[in-house]
Amino acid sequence: MRILHTSDWHLGRTFHGRVLDDAHAAFADHLVELVTAESVDAVLVSGDVYDRAIPPNDAVALLDETLRRLTERTRVVLTPGNHDSARRLGFAADLMREGLIIRARTAGLDRGIILPDADGNDAAVVHALPYLDPDAAREILPTLLAERLGEETPTKHTAEEDQAGGKDGDAYSQPVQPERPRLPRSHEAVVSAALRLVAADLDRLRAGRSR
């Protein structure tokens, strides 16, 4: 099975005042040609598709056209990065064209995507993790940890974790609500939690295959 991984397209970016639309269009042509020439079974696009949360219209049109061309040839799995707006990129994701899967929500990150090979047989499992913003993910992941793994998340953390941003070092300006379970405010905490959920899902899939 052939999988092509790509990221950081940054569509809509300018460089020293120069719009890079022509360069991005040339890249899109190259990507489609490569997928066709190499008979790629799946393309994984892991974030920063756009250069900013509200991209210009030309960037949106280029992404739409590129995804249309790719999905005519292969399957595409796409996740947002920290430059993208997960809400905008994931809007109506369940209604998208056949062959395109967009994973923009933290709540579904631990459900693997089964990719078939050219013969239609299950060939690979992809866990497509979107960018996990610590402020948002620390609120959502405790529920998943409790439901899937039976883990209880503390409701209180140290001042360094909650107010100084833990190891990230960013100031945390929002008031702490100690009655709600939440992870420490750090990339390390939310990514570690996400990977524990992914590991549990892999164990579940392996157990199902062994029966």
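Student: Is G108 buried, partly exposed or exposed?

Tutor: This is a predicted model; local features need pLDDT of at least 70, side-chain atom pairs count only at pLDDT 80 or more, and totals for chains, interfaces and linings use all residues. Residues are numbered from 1 along each chain as its sequence is written, and side-chain values use heavy atoms, with hydrogens and water left out. Buried means under 20% relative accessible area, exposed over 50%, and partly exposed in between (1.4 Å probe, protein chains only). At 22% relative accessibility, G108 is therefore partly exposed.

Student: Where is G108 placed?

Tutor: Helices (H or I, at least four residues) and strands (E, at least two) are DSSP runs, numbered from the N terminus. G108 sits in the loop between β6 (100-102) and β7 (113-116).

Student: How far apart in space are G108 and L129, C-alpha to C-alpha?

Tutor: In sequence, G108 and L129 are 21 residues apart. In space, their C-alpha to C-alpha distance is 8.7 Å.

Student: Is T66 buried or exposed?

Tutor: T66 belongs to helix α2 (residues 57-71). Its relative accessibility is 3%, so T66 counts as buried.

Student: Which residues does T66 contact, leaving aside neighbours within four places in sequence?

Tutor: Contact means heavy atoms within 4.5 Å. The T66 side chain also reaches the backbone oxygen of L62 at 2.7 Å. With the sequence neighbours set aside, the contacts of T66 are W9 and A28.

Student: How many salt bridges does a search of the whole structure find?

Tutor: Side chains of opposite charge can pair when their charged atoms come close. A salt bridge is a side-chain nitrogen of Lys or Arg within 4 Å of a carboxyl oxygen of Asp or Glu. The search finds 14.

Student: How many residues apart in sequence are the parts that E38 and R2 tie together?

Tutor: E38 and R2 form a salt bridge at 2.7 Å, N to O. E38 lies in the loop between α1 (21-37) and β4 (42-46), and R2 in the segment before β1 (3-6), so the pair ties together parts separated in sequence by 36 residues.

Student: What separates R68 and E65 in helix α2?

Tutor: Their side chains meet in a salt bridge (2.5 Å, N to O). R68 and E65 are three residues apart in helix α2, so the separation is about one helical turn.

Student: Is E72, a salt-bridge partner of R68, buried or exposed?

Tutor: The closest N and O atoms of R68 and E72 are 2.6 Å apart. R68 is partly exposed at 31%. E72 has a relative accessible area of 55%, so E72 is exposed.

Note on methods. A polar contact is a pair of N or O atoms within 3.5 Å; within protein, one must be able to donate a hydrogen and the other to accept it, and residues adjacent in sequence count only if both atoms are side-chain atoms.
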